Amino acid sequence: MRRSKTRVLAKVRPELLKLAAYVPIEPVDVLGLRAGMKPEEIIKLDGNENPYGCSLAVPRALASYPYFCIYPDPWQREVREALATYTGASSDNIVAGSGSDELIDLVLRLFLKDGETVINCSPTFGMYPFNTELCGGVVLDIPRKEDFSLDLELIKSSIDRKTKLIFLASPNNPTGNLVPESQIRELLEKDIVVVVDEAYHEFCGVTVAPLVMEYENLIVLRTFSKWAGLAGLRAGYGIMDADVARLLLKIKPPYNLNAAAQVGILVTMENRKDLGLAVERINRERERLFGLLGSLPFLRPFPSVANFILCQLTRGNAKEVNAKLQERGIFLRYFDMPRLQNYLRITVGTPDQDDKVIKALKEIMREAGH
Ligand SMILES: *Cc1c(COP(=O)(O)O)cnc(C)c1O
C-alpha cells in the first residue's frame, strides 16, 4: 500500500512549495500537437530564436566529432580562449555555462546569502526573480518607468545593507531598449554586484564588457541562443573580474558545458561571418516588421534594438488574439503581468513568417469586429 505523500513533501524546503514556476516556452513538436499541425508548419516566434538556424558548419562538426564518450574539459580551456579572442577580454575573465541561465544561477549561488535582496526591474527576464527565490534571496522589484527606462533614482535610494545584486538586461527582454552606460556606471559605483545581461548584444553591437577592467563588481552575461542559433545546445558565458571567474569555475558542476556545446561555440566562432550576415538580415527585417506592426490600427509596437518587438494591443484582448493565432499555428509570447496588460512579444522571423503573422492579425481583428 502506498503511504501518504505528505511525509516526503513535508521535507521539501517550504518556500519552494509555494514558489511560482518559471513559464518556459515549448518545442515545435509540442506546439504542433497543440495546433493539430506538423512541426514544420508552425510559425514559432515566441522564443527569440534565430529563424535561419545556426552556422551549417556546426552540425557538420558535431557529426564527425570523435570524443562524445570522453568527459568534456572542466576548465573549458579552448572555449574560453576562443571567447577571449571574440570579446577582447582575457580568458581569465571568462566562464562558460549551459546557457546563460546557468550563469544566472551560479552567480546567485556565489553571492547570495539567505534573505539578502536582489533588485529586479520589471518587466524583464523572468529567470532573475525565479532564480533569486530559488537561491533563498528576496526580490525587490523596482518597476521601470512608463517608457520602460530604469527608475534610477528609486533604485539608488532603495539600496541598503541587505542589497547584494541587481540584474539589468540590456537590451531588455521583453521591452527591447538599452540601459545607458552612464546609468550602469552609477550603479557600479554602489556597493553591489551589477549583472548586465547582454543576451541580445550581437543585434545592437552595444556592450559594457570593457568596464570589467574598471569595476570588479560587474558581470556581463552573453549567450549563443539568440544570434548564433544554438538555443538547443545550451551555450552561454560571462565576462567578469578574474577572481570572480575563478570562484565560479570552482563552484560550477565540473562538466557543465557539454562536449556538443563546446564544439558549437568553437565552430560558431570560426564561422561568425555567415552569422553576422544573418544578424544583419534579422535587423533589417525588424525594421520592416516594425513598420508593418505600426501600420495596424490596433497595435502599438515599441522600438527595439534586439530580435523581437513588444506590442501593446490598443483594442481587443491580447490573450484571445494569442489563442486565435495559436489555432493557426502562430506562436507569440503573451504576458500576463501587472505592467504588461494586453501585450504580445513577437520574435523577428523570416519575411515570409512575419507577413503571415500580419495577415493573421488583420483577419483575427476583423473577425472580432475591431
Ligand atoms: C533568452 C535570454 C537568456 C537565456 O539565454 P540562455 O543562454 O538560452 O540560457 C538570458 N537572458 C535574457 C535577457 C534572455 O532573453
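In this predicted model, F224 is surrounded by residues from several stretches of the chain: leaving out those up to four places away in sequence, F224 touches L83, G229, L230, A231, A235, Y237, I265, T268 and M269. F224 also belongs to the largest nonpolar core, which has 80 residues, and is among those with the most contacts inside it, together with I166, L218, L293 and L361. Helix α12 (residues 259-270) gives this core its largest share, seven residues. Because domain 1 (6-52 + 274-367) and domain 2 (57-272) both contribute residues, the core lies between them. There is also a second, separate core of 24 residues, which includes L112, V244, A245 and L249.

The two domains set the overall plan of the protein. Domain 1 is made of residues 6-52 and 274-367, while domain 2 covers residues 57-272. Taken over C-alpha atoms, their centres are separated by 23 Å. The contact between the two takes 31 residues from domain 1 and 32 residues from domain 2.

Apart from residues up to four places away in sequence, F111 touches E116, K164, L165, V193, I219 and V244. L165 is 54 residues from F111 along the chain, and their C-alpha atoms are separated by 8.1 Å.

I25 lies in the loop between α2 (14-17) and α3 (28-35). Its relative accessibility is 33%, so I25 counts as partly exposed. With neighbours within four places in sequence set aside, I25 is in contact with K44, D46, G47, E49 and R333.

Side chains of opposite charge can pair when their charged atoms come close. The count for this model comes to 21 salt bridges. One of the pairs is K156 and E186, whose side chains meet at 2.3 Å, N to O. This pair links distant parts of the chain, since K156 is in helix α8 (residues 152-158) and E186 is in helix α9 (residues 181-188), 30 residues apart. At 32% relative accessibility, E186 is partly exposed.

R288 and E285 form a further salt bridge, with their closest N and O atoms 2.8 Å apart. Both residues lie in helix α13 (residues 272-294), where three residues, about one turn of the helix, separate them. R288 is partly exposed, with a relative accessible area of 33%, whereas E285, at 4% relative accessibility, counts as buried. Elsewhere, R328, K359, E363 and E367 are linked in a network of salt bridges.

The surface also has a nonpolar feature. V8, L9, V12 and L17 make a nonpolar surface patch of about 330 Å². Within this group, V8 lies in helix α1 (residues 6-9). V8 is partly exposed, with a relative accessible area of 49%.

Note on methods
Residues are numbered from 1 along each chain as its sequence is written. This is a predicted model: local features need pLDDT of at least 70, side-chain atom pairs count only at pLDDT 80 or more; totals for chains, interfaces and linings use all residues. Side-chain values use heavy atoms; hydrogens and water are left out. Patches are made of residues with over 30% relative accessible area and no salt bridge: like charges are joined within 9 Å, nonpolar side chains (Val, Leu, Ile, Met, Phe, Trp, Tyr) within 5 Å. Accessible areas come from the Shrake-Rupley method with a 1.4 Å probe; for residues, only the protein chains shown count as cover. A salt bridge is a side-chain nitrogen of Lys or Arg within 4 Å of a carboxyl oxygen of Asp or Glu. Helices (H or I, at least four residues) and strands (E, at least two) are DSSP runs, numbered from the N terminus. Buried means under 20% relative accessible area, exposed over 50%, partly exposed in between (1.4 Å probe, protein chains only). A nonpolar core is a set of buried Ala, Val, Leu, Ile, Met, Phe, Trp, Tyr and Cys residues joined through side-chain atoms within 4.5 Å. Domain bounds come from an automatic or database domain assignment. Contact means heavy atoms within 4.5 Å.
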